[in-house]
Amino acid sequence: MLRAARTLLATRQPLDAEIGVSEMLGSWWGRRVPGVDVERLLGEGLVAHAEASGSAAGLALLTGIAVLGTTVHQRELAEKGAATLAERGVARPVWADLIGRARPVAAYVSGSRFGDTDDIITTFRYDGREPDSAAGEHALIAVVDHNSGGMLRDAWVTTKVDRLLEHCRAQAEGGDPMATFTQIRLERARLLLESAVQHTDRAIAANAGGPGVTDGSPAAHHALIRSRIRALPRQAAGQSRSARSRDRRAMLAARFLASDAAAELSDSYAASRCVDHIIAYGCDADADRPLRVSPRKIEAFLLRWLTRRVILLPEEHEAMPHVLAAWIRWAGPRHGLPEVAVNATLDALWESISAFTTSYLDVSASFGLPPEVVRRLLPDGDLSALPRRMFAFPLLTSDLLAESEAEFDPATREGRRALLRLDHFGEYAAPAGHRGKHSTGAREPAADPAATEEALDAHERLAERLWKGDPPELWSAAERLLDRGHERPVVLRMLMEVLEDAEHGEDVAARLDGL
């Protein structure tokens with residue numbers, strides 16, 4: 001990389017230098033090696049090597065990393081290294097005074113009325129250039145795939161800004177009836193780009209990035225994108241609206257159920273439950289756009305999200321296609337879809353029904369749990385929560401508490417406390433060495449020296465977080481530790497220690513990732 005950095009010395013434009021450094025930093029983006037922090041090993045290792053070289057290429061590389069480094073510590077180390085080499089008299093690159101001084105000019109979103117993907121276009125100009133000069137003006141284009149959870153699918157940079165914007169406008173104004181092109185506030189562009197980067201990082205961390213995420217344009221430009229995000233203004237506090245408020249969702253559901261489109265739905269209770277799931281998907285997994293409908297979104301909802309995230313009662317499973325069809329007819333025109341596009345979406349729905357019927361997960365059969373146990377663990381129908389809730393409250397999976405649901409309700413503090421007290425003290429446990437039909441599998445009191453009221457307080461805080469999935473890193477850490485062979489009591493203690501440290505200002509996510 002240091003040899004490759006020699007090309008930076010022949011570069012005269014700061015944008016070319018930033019792209020070159022970003023490609024280097026992207027060469028290991030998303031790579032995972034067990035037990036190794038790849039970003040720290042290679043990123044900080046490259047900084048140290050460049051400084052130790054004492055060369056002009058090393059200074060050029062450090063100058064770029066000081067702006068484009070993917071972590072604060074990485075940028076700080078590069079800045080110090082660059083200052084050290086400059087003090088020794090090493091020649092600085094000609095673009096050194098302009099790099100990092102790109103300032104935002106405008107932002108746009110180009111896409112289609114279906115809204116499956118958006119091209120987020122942000123234009124920039126380097127400070128120090130003449131305002132009427134095209135030199136240094138450029139556009140960053142980031143492609144966001146909303147049907148894959150808002151992930152970054154592609155990215156590139158162009159200096160032909162006027163030609164790009166003219167083409168997008170022409171498409172939207174007559175070249176393509178489905179094309180859209182709108183200008184957005186810079187603060188909104190930052191929110192969209194930050195969200196795309198976060199979703200992509202999470203997908204990579206979960207080994208779910210898939211082809212094209214850790215390679216190609218997104219990888220080569222991810223450091224540049226992060227740098228440009230930092231240059232965009234933040235939305236002022238108080239301007240953001242509550243995109244996921246219960247009131248807003250309830251209002252949408254009520255309007256739909258009162259509409260002519262929903263008039264033919266025979267089971268109003270099942271329809272209400274189904275539309276709640278449709279709206280939740282639009283708010284949580286589609287950039288807060290519950291009214292958006294498209295063939296790809298319908299397939300993603302039915303065949304991926306719904307089958308993995310939600311438990312449907314038999315009557316809801318039967319009603320879902322009909323409710324979804326009514327929702328498409330009602331929401332499509334409100335989102336600006338022409339009739340031909342609404343019909344195409346309905347065709348995609350009916351083509352997906354067979355696959356949906358055969359692929360939908362029967363949770364009770366798959367996990368060997370009685371239906372009443374599933375309802376107790378998943379009162380909200382969130383299928384993704386089942387493993388962590390079984391881990392947090394294993395007694396809920398037994399039939400021991402079948403006649404005491406109110407007393408052991410994990411949704412109340414009293415119920416949680418009662419469940420955890422059983423877990424700690426084993427009030428129904430058989431004598432040591434014996435397990436009868438009334439055994440819960442709980443450990444004996446003597447085997448748990450931390451079984452005190454204080455320990456119960458800490459365990460309750462942990463169990464409540466696991467029940468809610470807050471933060472997501474908590475269950476990820478638990479799964480990782482369990483996979484490594486640690487027993488449940490050990491994992492519980494480790495997680496409780498992290499949460500206790502968090503009360504003293506520790507970074508919870510970082511600590512959990514380090515377990």
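**Notes on salt bridges and backbone**

1. D288 has a relative accessible area of 15%, so D288 counts as buried. The model is a predicted one. D288 lies in the loop between α10 and α11, and its phi is near 60°, a positive value in a residue other than glycine.

2. A287 is found in that loop too, between α10 and α11. The phi of A287 is near 55°, again positive although the residue is not glycine. Its relative accessibility is 38%, so A287 counts as partly exposed; the cut-off for buried is under 20%.

3. D286 is also placed in the loop between α10 and α11, and its partner K297 sits in helix α11, 11 residues apart. The two form a salt bridge whose closest N and O atoms are 2.9 Å apart. D286 has 0% relative accessibility and therefore counts as buried. K297, at 5% relative accessibility, counts as buried because its value is under the cut-off of 20%.

4. R292 forms a salt bridge with D116, with 3.0 Å between the closest N and O atoms. R292 belongs to the loop between α10 (268-285) and α11 (295-309), whereas D116 belongs to the loop between β1 (102-112) and β2 (117-126); the pair is 176 residues apart and links distant parts of the chain. Both D116 and R292 are buried.

5. Which residue meets the side chain of E18 in a salt bridge? The partner is R228, at 3.0 Å from N to O. This pair joins distant parts of the chain, with E18 in helix α2 (residues 14-25) and R228 in helix α8 (residues 216-231), 210 residues apart. Both E18 and R228 are buried.

6. How many salt bridges does a search of the whole structure find? The search gives 25. Beyond the pairs described above, a network of salt bridges links R413, R416, R417, D457, E460, E464 and K468.

7. The peptide bond joining D470 and P471 is cis, with omega about 0°.

8. To bring the points on one loop together: the loop between α10 and α11 holds A287, D288, D286 and R292. Of these, A287 counts as partly exposed, while D288, D286 and R292 are buried.

Key. Residues are numbered from 1 along each chain as its sequence is written. This is a predicted model: local features need pLDDT of at least 70, side-chain atom pairs count only at pLDDT 80 or more; totals for chains, interfaces and linings use all residues. Side-chain values use heavy atoms; hydrogens and water are left out. A salt bridge is a side-chain nitrogen of Lys or Arg within 4 Å of a carboxyl oxygen of Asp or Glu. Helices (H or I, at least four residues) and strands (E, at least two) are DSSP runs, numbered from the N terminus. Buried means under 20% relative accessible area, exposed over 50%, partly exposed in between (1.4 Å probe, protein chains only).
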